[in-house]
Amino acid sequence: MPETLIHRSAPPVARPPPTPVTALVARPRLTTALLNAAQGLTVLAAPPGCGKTSLLTLLAAEAEARGMVVHQLTAPCPQALLAGLAKPGVTPGLWLISGTAGIDDDSFAARIAPALLQAAATQRLILAEPRLRSAALRQAWLRQDLSVISAADLRFDETEARALLGPDLSAADLRHLLDLSGGWIAALRHLPPGTGREAPLPPVLSAWYEEEICARLDPATLRLVMDLALAQRFSPALLDALPPHPEGPLAGWEGLAPLLRDGVLLQRHGRSPGEFRLQPAFAHHLRERLRSHLPTRATLIGDLMLRWWESRDNRAELARHALSLDDTTRAAELLEAAGGITTDMSDGPDFARDLPVCTELARDLPLLFLSQIYHRSRTGRLAEAELLFEHARRGTKGFTDLRGTADPAEVLAWARMLEMIFVSGSDRPVPASLITDLRDSLAAFVGRHPVVALSIASVLAWAEVEDKDFCSARRTITLGQQLLTRAPQSKCMIFLNIYLARCELATGSLPEALSAAARAVAQAEAWCTPGGYEVINARIWQGICLAEAGQTAGARPILSTALAAAPRVFGYVTLYAEGWSALARILATEDGPEAARAGLSAARRFAHNSELPRLALCLDQLIALNCDGLLPPAAAPLAQAALALKAGRAAEAAQLLDTLPAAIPDQRERITALILRIRAGLGQRRYSAALTAAEELLPLLSQSGNRRLAAEAMPWLLSVRSQCHRGGRALSPHALAILDRLSAELPAAAEAAVPSVSGAGLLSPREGEIIALVAEGLITKEIARRLGISEGTVKSHRKKIHEKLDVTSRSQAILKARELQLI
């Protein structure tokens, strides 16, 4: 057992916040390096609440598991610590020292620091301290005679936070909590999922901030940080602009130096050089403290922040502060001045605040009005948004009768984009005139306003992808990516990456689609409201891409969670249809048809209630294909052909497939059609047709990288190879090479069994093909041309067919072949 020296008469020291009883989280990135050192001193230099005590406990357990001798010293007075270090006969080992924060600085510097450095020459010492508070220790650190684990090192990363908070927390909520807490375990333990920046803090965390942080800060520093808490971020210049405080002087920049050095409650702002920010959760506590204790001061500093950001033309920060105002009229004026919907779609906050919407607002503050329409749309209130929009459009003569200072062309461009959003969300055909107008607007704004141009590009790309005009969509997306250099944080890049993923699925490669979807998710979670429209859309498309890659373990939870939340936000038919199609296939395969039916039926009710007929038709097709339901009369030919093959009606499937256009824009549909052609060919004993389809299919599978479709095709491709080999034909060397590579990459697949018939084996594969073509009415010359053989060979095969079927005429051969189910 480790040795423990505890002196209960010690003076009080800063206590860590009360924490729920939880298992310790393994932190190998810290413990491994600390335990591998044979000797020397390491100081865990961080303020209370950073996890120093739990790290020492982990070190003790892991050291004992390694068979190391562990000495634990909890010694809050010099005599106890010196006695412990100098105790005769103590076996060398690992010394874990805590509780020294109560030793005054002079005693620590004069007696403790020299003793620690001396002992470190032969022992391994790890000391937990609020800071590196001795000149001797600082000099030793500069000489690299000791190492320091700082507060920044002790911050929890995503892996550790996941282990602490549990596997059920979404990735977006996890990152949000890490941002609010700064990775500080004392806050991380207590912030519930979904905590917003202005949501009340748990009482236990507020009490900790008050008693252990605020009570210990110098009064001048506390007054300063309370003022600064009203800013999301600040520069040193802002300190000079703060008005005098009624309760005393404000600390200068030097008062913030200790907080910045600790790196827990004050940090550099990652995206803005020269700017800083308080830990968001701590800043929230300080804001509430200021508003409660000094409401007049809070109002004064709030007004100062508004003027500060307005004078610097920082529209995003101006909007953030305006959204927090209680005065609705003042907030509306400032949000319009901040750029309204244009700032909302760039680096500004989500304008997630319902303001009164009317024609007068559209006339006086049009950009704010449009942001409110967009806000209602993105939160699933599309009918309300369109009703308000149409009423305002009539009242402003098509958004031309405006009284505000907004650019009329900018207002009109946003109005057109919102029209497209209404079309997409309500399953109406896209008017060609609207696409033309958007293309004209894009050309007008490319060199004039990158955020507006990017937004137009994202809406236009959606329309082009929906129309399956993937070439035009790629050009529009490329233009948007080029505009990104002038609008580096436009939220429209989320959608451009989503549509790029769709283009890659349709015409490119699956790895590129996965990469684009991952970028969309990362951007949405970094820039947008957790669980919002952008996040849900990006996650659904990421799940779709993962499903196409055969990564069902990753796709299923993403799709299940995102599709459950989708009805609460804006969506469109293709989003829902693709998402439910991917999830239904996974559920049917892993849990059976009834599991798929339950999910699809719920989605079907949503489609009916939302008046989305195309989605309802798609869901009915999915129920028929995955759950043995009835196929709707208006089902697509591919769905009808698949169901016909499932019922053993190969000839009917072939006829349906012949109605498809020669050029199918989406390669996934083209691949599916070719798989069905192979199955129909094999089912009809038309092996040449199956071989031709396989030759076309294999290069497509190789190019797309779509593992789901490759796995679906593999049994039938193996059957084609087998049947052709028996008939004296073979795939081309190129096609065979692709087939061999796919066979090696995919899970082992068995050759698909060609449906048995009563006359199976009676005719050779070539004879089976010829009698099938004879039954279709082809003459000898046409059969020879179709199969690429001579007329003499056809005649020879027909003679053998008559002999084997014991018939003497063409009509008798056809009847006998049908009786034996050979055709």
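**Exercises on a buried strand and on charged side chains**

From strand 5, Arg 124, Ile 126 and Ala 128 point one way while Leu 125, Leu 127 and Glu 129 point the other way, and all are buried. The model is a predicted one, in which local features need pLDDT of at least 70 and side-chain atom pairs count only at pLDDT 80 or more, whereas totals for chains, interfaces and linings use all residues. Residues are numbered from 1 along each chain as its sequence is written, and side-chain values use heavy atoms, with hydrogens and water left out.

**Exercise 1.** Determine how strand 5 is covered and which strands pair with strand 5.

*Solution.* Begin with the terms: strands (E, at least two residues) and helices (H or I, at least four residues) are DSSP runs numbered from the N terminus, and buried means under 20% relative accessible area, exposed over 50%, and partly exposed in between, with a 1.4 Å probe and protein chains only. Strand 5 spans residues 124-129, and six of its six residues are buried. In a regular strand the side chains alternate between the two faces of the sheet.

Next, look for partners, where two strands pair if DSSP finds at least two bridges between them. Strand 2 (residues 40-45) pairs with strand 5 in the parallel sense over six bridges, and Leu 44 stands opposite Ala 128 there. Strand 4 (residues 94-98) also runs parallel to strand 5, over four bridges, with Trp 95 opposite Leu 125. Between strand 4 and strand 5 the chain passes through helix 4 (residues 105-119) in a right-handed β-α-β crossover, that is, with the strands pointing away from the viewer, the path from the first strand over the helix to the second runs clockwise.

**Exercise 2.** Find what surrounds Arg 223, and state which side chain of opposite charge is nearest.

*Solution.* First locate Arg 223, which belongs to helix 11 (residues 219-228). Then test for a salt bridge, meaning a side-chain nitrogen of Lys or Arg within 4 Å of a carboxyl oxygen of Asp or Glu. Arg 223 is buried but has none, and the nearest side chain of opposite charge, Glu 247, is 5.0 Å away; here Lys and Arg count as positive and Asp and Glu as negative, while His and the chain ends are not counted. Finally, list contacts (heavy atoms within 4.5 Å): leaving aside residues up to four places away in sequence, Arg 223 touches His 245, Glu 247, Gly 248, Pro 249 and Leu 250.

**Exercise 3.** For the salt bridges Arg 393 to Glu 419 and Arg 597 to Glu 594, work out where the partners lie.

*Solution.* The whole structure holds 53 salt bridges. In one of them, Arg 393 and Glu 419 meet at 3.0 Å, N to O. Arg 393 sits in helix 21 (residues 382-395) and Glu 419 in helix 22 (residues 408-425), so this pair ties together parts that are 26 residues apart in sequence. Arg 393 is partly exposed at 23% relative accessible area, and Glu 419 is partly exposed at 24%.

Arg 597 is partly exposed at 26% relative accessibility, whereas Glu 594 is exposed at 54%.
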